[in-house]
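Here's a quick tour of a protein model, written for someone just getting started. Have a look at the sequence and the structure first, then work through the notes.

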Amino acid sequence: MTKPTDLTDPAALQRSEDPWAGLRRHTSARIALGRTGVSLSTARNLEFQMAHAQARTAVHSPLDLDALEADLGEPLLRVESRAPDRAAYLQRPDWGRRLDADSVARVEAIRPATAPDVALVLADGLSSLATQQSAPGFLKAFRPLLAEAGLSVAPPGVATQGRVAIGDEIAAILGAKLVVMMIGERPGLSAADSLGLYLTWAPKVGRTDADRNCISNVRPGGQSYEDAAYRAAWLTREAFKLQLSGVGLKDRTVTVDASAQVEG
């Protein structure tokens, strides 16, 4: 005989009403949604609507550049893509991959006399929330690792209405050997604040995704800033050693970590 639920015990009542609650505690993914009759429960349906609203907000909200500079503690070279507004950006991805004429001139004006090793570029991408929230924390963990590796860094820039490839054009104008692009990833229904990192050796206009290494899901509820910085620094050092990035450069940081633990 099944023991009746103790209505004075909130935990027992929750287990009775939602037997999947324990599983969902371990992930933010939309799993084990259950049902009421043939439909989602009201609670799950409202969660879906909230997630959808958060995703739309992430896509359409502009970057607060002043606040971003305040969080970084330094000014940024501000540039724009060829997409004049958000609607054009979403409809013409190719415009988001290239700088407009005024921005090209601004980048050329600050090109250092000595070519830098690394260019750091931020962009709003498809989630300004991700860049606003996570780029400062990642850079705080990442830049000391670049300094330890003895790599020079160009003045950082931020591109609005930007796609991943716009970082290649900026870095090429600056003469950088490698670019690290920080950009808001396309939001889903379980995370609207995921920052993506893209590392490209010998950046230039026309590079493709096959030429890049990507580290994704950098956010408070995903990959930590410290872990992402470690992986990005490892890939950066290997890119300089092998003179390449992309499909020819394999991320072996897990293997390296495991070896270090065994040897220690």
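Trp-201 and Phe-240 are both buried in this predicted model. Elsewhere, Phe-138 and Phe-142 are buried too.

**Aromatic pairs**
- You'll find 2 aromatic pairs in the structure.
- One is Phe-138 with Phe-142, a stacked pair with 5.0 Å centre to centre and 20° between the planes.
- Both of these residues sit in helix α8 (residues 128–148), 4 residues apart, which is about one turn of the helix.

**A charge over a ring**
- Arg-163 has its charged end over the ring of Tyr-89, 4.2 Å from the ring's centre.

**The sheet**
- Six strands make an open sheet with mixed pairing, in the order β1-β3-β2-β4-β5-β6.
- At the edges are β1 (77–80) and β6 (212–218); each has a single partner strand, so one side of each has no neighbour in the sheet.
- On average, neighbouring strands are turned by 20° against each other, direction ignored.
- β5 and β6 pair antiparallel over 5 bridges, and Leu-199 stands opposite Asn-213 in β6.

**Helices on the sheet**
- Helix α8 lies across β2 (118–123), β4 (178–184), β5 and β6, and runs at about 165° to β2.
- Helix α10 packs on the sheet as well, touching β2, β4, β5 and β6, and its direction makes about 175° with that of β6.

Definitions and conventions:
Residues are numbered from 1 along each chain as its sequence is written. This is a predicted model: local features need pLDDT of at least 70, side-chain atom pairs count only at pLDDT 80 or more; totals for chains, interfaces and linings use all residues. Side-chain values use heavy atoms; hydrogens and water are left out. Rings of Phe, Tyr and Trp (its six-membered ring) pair if their centres lie within 6.5 Å; planes under 30 degrees apart count as stacked, over 60 as edge-to-face and the rest as tilted. Helices (H or I, at least four residues) and strands (E, at least two) are DSSP runs, numbered from the N terminus. Buried means under 20% relative accessible area, exposed over 50%, partly exposed in between (1.4 Å probe, protein chains only). A charge sits over a ring if NZ of Lys or CZ of Arg is within 6 Å of the ring centre and within 35 degrees of the ring normal. Two strands pair if DSSP finds at least two bridges between them. Axes are lines fitted to C-alpha atoms, for helices over the stretch in contact, and angles run from 0 to 180 degrees between N-to-C directions. Contact means heavy atoms within 4.5 Å.
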